[in-house]
Amino acid sequence: MQALWNLLKYLRPYWMFAIIGPLFMCLEVAMDLMQPMLMQHIIDNGIATGDHSYVVKMSILLLAAALIGLFGGLACSIYSTKAAVNFATDIRQELFARIEQFSARNTDEIRTGKLITITTNDVSSVQMALLMTLKVFVRSPLLFIGSVIIVFVSARDFFPILIVLIPLLAIVNWYFMKHAGRLFRKVQETVDRINTKLQENLAGIRVVKAFGRQEYEKTGFAAINHDLTNINRRANQMMMGLMPVMLFLVNIGIVAALWMGVIKVEQGTSEVGVILAFINYLTITLNALISSSHVLMVISRAFPSAERIKQVLDTVPDIQESQEAYRPEKIKGNIEFRNVDFSYSKNGEYVLKEISFKANGGEKIGIIGTIGSGKSTLMKLIPRLYDVDRGEICIDGRNIKEYGLRQLRVAIGFIPQKASVFSGTIMDNLQYGKDDVSKEEAVFASSAANAMEFIEKLDGEFEHVLTQGGSNLSGGQKQRLSIARALVRKPPILILDDSTSAVDALSEKAILHSLQEEYKDSTTFIISSKISSVMKADRIIVMEDGRIVGMGTHRELVATNSVYQEIYRTQGGKEESVHESGRYETSWQ
Amino acid sequence: MSQVAMKHPGSKGRFGGPVVKAKDSKGTLIRIWNYMRKEKAPLILAILFVLLTTILGLVGPYLIGIIIDEYVIPKDISGTVRMGAILAVVYLALSFFTWIQSYIMIRVSLVTIKQLRQELFDQLQSLSLRFFDRRTTGDLMSRVTNDIDQLNNALSQSVIQIFSSVLTVVGVLIAMLYLNWMMALVTICVIPIMFYTTKKIIKYSSSNFIKRQRDLGELNGVVEESISGLEIIQLFGQEERVFDRFSKVNERLRTSSANAEIVSGFIGPVNNFINNLGMGLIIASGALLTLHGLATVGVIAAFVTYSRQFFRPINQMSSLLNTFQSAIAGAERAFEIMDEVPDLQDKRDAISIDVLIGDVEFSNVSFGYKEGIPILRNISLQARAGQTIAIVGPTGSGKTTLLNLLTRFYEVDSGEVKIDGHNIKDYRISDLRRNIGIVLQDTFLFSGSIMENIRYGKLEATDEEVIRAAKAASAHRFIKHLPNQYDTIITSGGNNLSQGQKQLLAIARAILADSRLLILDEATSSIDTKTEIEIQSGLRNLMEGRTSFVIAHRLKTIEHADLILVIRDGELTEKGTHEELMAQKGFYYESYRNQFEMG
């Protein structure tokens, strides 16, 4: 509720619409309310006295009221919709802009999937809620209050019926809504369960088949299906009781009106037309009450949506540019880590501990270590996807926090583990690396990434269109495109985070070779779990449990470092390999 | 006035966009009926109640008219009280039967739906992978959930509503004609106006909704892609470019969404107007007729009530029919899945076998996922029980495909695959797969505890057996450090574990399954070398005495295989032991040297 209220500031530019819309609705309501009154006059003044012209006059008024009401309703729809749609569109825009600035830590916190749902579904439900508020939620209470007032003024004799009936209707309505609400929440939970079950079953269909677990899956599904059917039945059968009960109450009101009416008519204090008008107002009151509670449900469904939206809008991107950012012309690529500690969560275990090392411009550095040793994390700190907790990282002697974020990141060619490419052409994807990439540069980088080989075979080559997530490329192709995207910017710093895992050995060799030849000046970090990928590096950093446990050339490490020796042995290092690697080291220099 | 109309029901539902129509409505309806037939008795009961409520609904206003004309106006108090009591009883019965009728229909429809949903799920279990390759998970999901739900709505509500609407309209018409034919004619005059305007609005709004739907789809695509690729966008400083792209679509959606909502929002006021217009005409004509002695105040009162009962169903008819139509179309989509014939089925005289020995033979096997694009060509190989067969080759050469044929995930196009001398088509698929343990390239875990996930390999395994398997796979080491150890809940898809940890669990799962044949498809690709050494012994124990097929990028791990096969571009190019292939100096030799030269 509070959250929805806070979002209303986005309505400010459209406040005129938001006020005009309901005003027109008032017009429609007023005309609706006039109708029974006019009818009463026709019956009691016109028919009773046999005044022909009065009846005609009032009838014309009746039709005119209907027309004016129509005008009010249409205008309300136009302005309310404008207010709601513009409001939601602006929120969506703001959300997207904010999410784009989120650091990895921010997105870890809220989760990518949730961010997507917030920007799409939650915004829609907030839009719906506002639209309903401006239209129906104004209409129903007005009709309700209007009817009560009119009855009080013009048919006071029947007012006691309303006094008894309205609280009764409200209580019944509240009772049903409360219980139905509880039941429907359970329905929703069960629906979620069935969706999860189904989604997993479909995604893991190979596993299901491989283990021959079809019957097991069927039984599991049957149990949830059974639950869903039962809870659905209870909820719906309960909910279906509401209408008949409310109807009955109102109809009893009509019977009471007839009883009271005949007495009043007998006494001469009331007339037949008043009874009819009252019956009409009774129906209007009931309609208003029912539609209010329906709308209330729609609106209340938007509360959690509004809260989630607010959560995003209130999140401060935790990586910010410093006020007077340092924006150098050129970055050379000397990198230094000084006593860096890092943890993903505030009170969590440190993933990186006491990391210190220096890399000179143009140096090729391999990083090797077990899963969870902190290799990838270490590299994510350089482009400031995360900020260090303690210590500092310097590029060309300056703390990276002093650099403009853009300057910093433009200097880095990052090739992540998971190659995510975007819908659009291959060229579009390369433009991510460099906005004004020329054909020559594109060909050059693609060749270096060993991607030319498959790009050439595609329809339209660089103009070949990729589907969302690049699902029309194989894993190895995506990785090579992702490498080309980074290479195209000729960055002073290049980071390969285990980015050749889906590339076969020969291609990998070719890629590593061209990095060596064509990107000599780039300070390059190569993370891998395979010694083959890093052994030619100028220096290899060996990591374990978030610490650096060894640093040196392949030869030095093989001779002295026990962790490295162990990895090496398991990957087929033999005496002659040492010899061979020696040969390669010379060829590498 | 005895029935309640929900005015302005919001724009959803009634004008939720264009309606997808079924291709074969009649056939689909018959099939739905076949499901419902089991509930024939309650169904007939429900229909009887609908009839009853419709009649009671007509009696109410009629009685009101009589009470006013014959008791209220003549000031007959006791008569009014008596008639009022009768009216109250009529209303009580009306409410009661209305409730009973929907109570029954909800049951009927949910029971039907339950069965349908289960059959659909069961059918999905029996379809082969070829089917799943053709469809996205999202599409299948929506058939089992959305489409079925729509049908549920239609069955439990729309069907009865359509039925009772028609009855009511006819009944009211008769009652009106009986009461006063002149006023009835005036009322009927409104109907053409109603049809005309509704039709116009629907036509106009559905074209707007198509535009909005298209923009919305595009926007969702952009949002999904941008947010899941956010890290890359930031790393490459492309925030502005992506934002521009988003803004463009968002602006387009602003216009199309406003148009669609405005037009569909018109339906409320327009309906309201038509109701008021009709009512106005009735009152005016009634009053004039009364003045000339051709009608009475009671008749006007009855007509006012009848007119609401009359216009509302006609107003709603088109949207009810729409709901019904899309439900039929949804049911048709669900039936489409039901009609898929699993292309892999047990032979009628399939051999039932408990344990296989494990001799495997491929002879002249060719296969392609799509016609005309062969993936494997003329593959022949032999493996004796207990041997370890390694398969190497570049990405996309067909290694995984070869093993997909062994498990009969797919059927060979030509040639045959034999186990223990019988074509695998002769075995029952369930027997065959029970004898093959698989650790797949993409590890898939289900949400649930770690214990449950490993136990998937052998449902009846005790906790001790599960832990033993986890130890053999070196998974125990990390599991015991988790906060809840074996009870740690894995989220859907296993996102709270690292890729390597997931692979270890998958290996444990296969170890527990204890099958005669084993397939390790890149089973250790995401496991670091140190862990790999640890599970090597576990894997070696696992492979001991079993026929094992191993695909691995790290050639070191397969050096000791009994037979190494090199597959390139779908053909078997080299075959032999490590030493033999090294001597051949072919692809294997090159790759091997590469891996160890460079590292």
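# Close-ups of a predicted two-chain model

**View 1. Helices H2(B) and H9(B) run roughly antiparallel to each other.** In this predicted model, local features need pLDDT of at least 70 and side-chain atom pairs pLDDT 80 or more, while totals for chains, interfaces and linings use all residues. Residues are numbered from 1 along each chain as its sequence is written, with chains lettered from A and ligands numbered from 1 in the order written. H2 covers residues 40-72 of chain B and H9 covers residues 297-339; helices (H or I, at least four residues) and strands (E, at least two) are DSSP runs numbered from the N terminus. The two pack at about 160 degrees, with their axes 7 Å apart (lines fitted to C-alpha atoms over the stretch in contact, with N-to-C angles from 0 to 180 degrees; over 145 is roughly antiparallel). H2(B) makes a right-handed crossing past H9(B) (the near helix is turned clockwise from the far one by less than a right angle; anticlockwise is left-handed). On the H2(B) side, the contact includes Gly57(B), Pro61(B), Tyr62(B) and Asp69(B), and from H9(B) come, among others, Val297(B), Gly298(B), Thr305(B) and Gln309(B) (contact: C-beta atoms, placed from the backbone, within 7 Å). Sorted by class, there are 10 nonpolar, 5 polar and 1 charged residues here (Ala, Val, Leu, Ile, Met, Phe, Trp, Tyr, Cys and Pro are nonpolar, Asp, Glu, Lys and Arg charged, the others, Gly among them, polar).

**View 2. Lys75(B) has a positive phi without being a glycine.** Its phi is about 60 degrees. You'll find Lys75(B) in the loop between H2 and helix H3 (77-126) of chain B. Lys75(B) is partly exposed, with 14 other C-beta atoms within 10 Å (20 or more is buried, 12 or fewer exposed, in between partly exposed).

**View 3. Asn339(A) is chain A's example of a positive phi in a residue other than glycine.** Here phi is near 45 degrees, and the residue sits in strand S1 (residues 335-342) of chain A. Asn339(A) is exposed, with 12 other C-beta atoms within 10 Å.

**View 4. H2(A) and H6(A) meet in a right-handed crossing.** Helix H2 of chain A takes in residues 15-49, and helix H6 residues 136-154. Their axes come within 10 Å and cross at roughly 35 degrees. From H2(A), look for Pro22(A), Cys26(A), Asp32(A) and Met37(A), among others in the contact; the H6(A) residues include Val138(A), Arg139(A), Gly146(A) and Ser154(A). The tally for this contact is 10 nonpolar, 3 polar and 2 charged residues.

**View 5. H7(A) and H9(A) cross in a left-handed way.** Helix H7 of chain A is residues 159-203, and helix H9 is residues 214-267. Their axes come within 9 Å and cross at roughly 165 degrees, so the pair is roughly antiparallel. Contact residues of these two helices divide into 25 nonpolar, 7 polar and 6 charged.

**View 6. An unreviewed UniProt entry annotates residues 19-301 of chain A as "domain: ABC transmembrane type-1".** Such annotations may be inferred rather than shown by experiment. The span is 93% helix and 0% strand, and its end C-alpha atoms lie 23 Å apart.

Key
Parallel < 35°, antiparallel > 145°, perpendicular 65-115°, else oblique. Contact = placed C-beta atoms within 7 Å.
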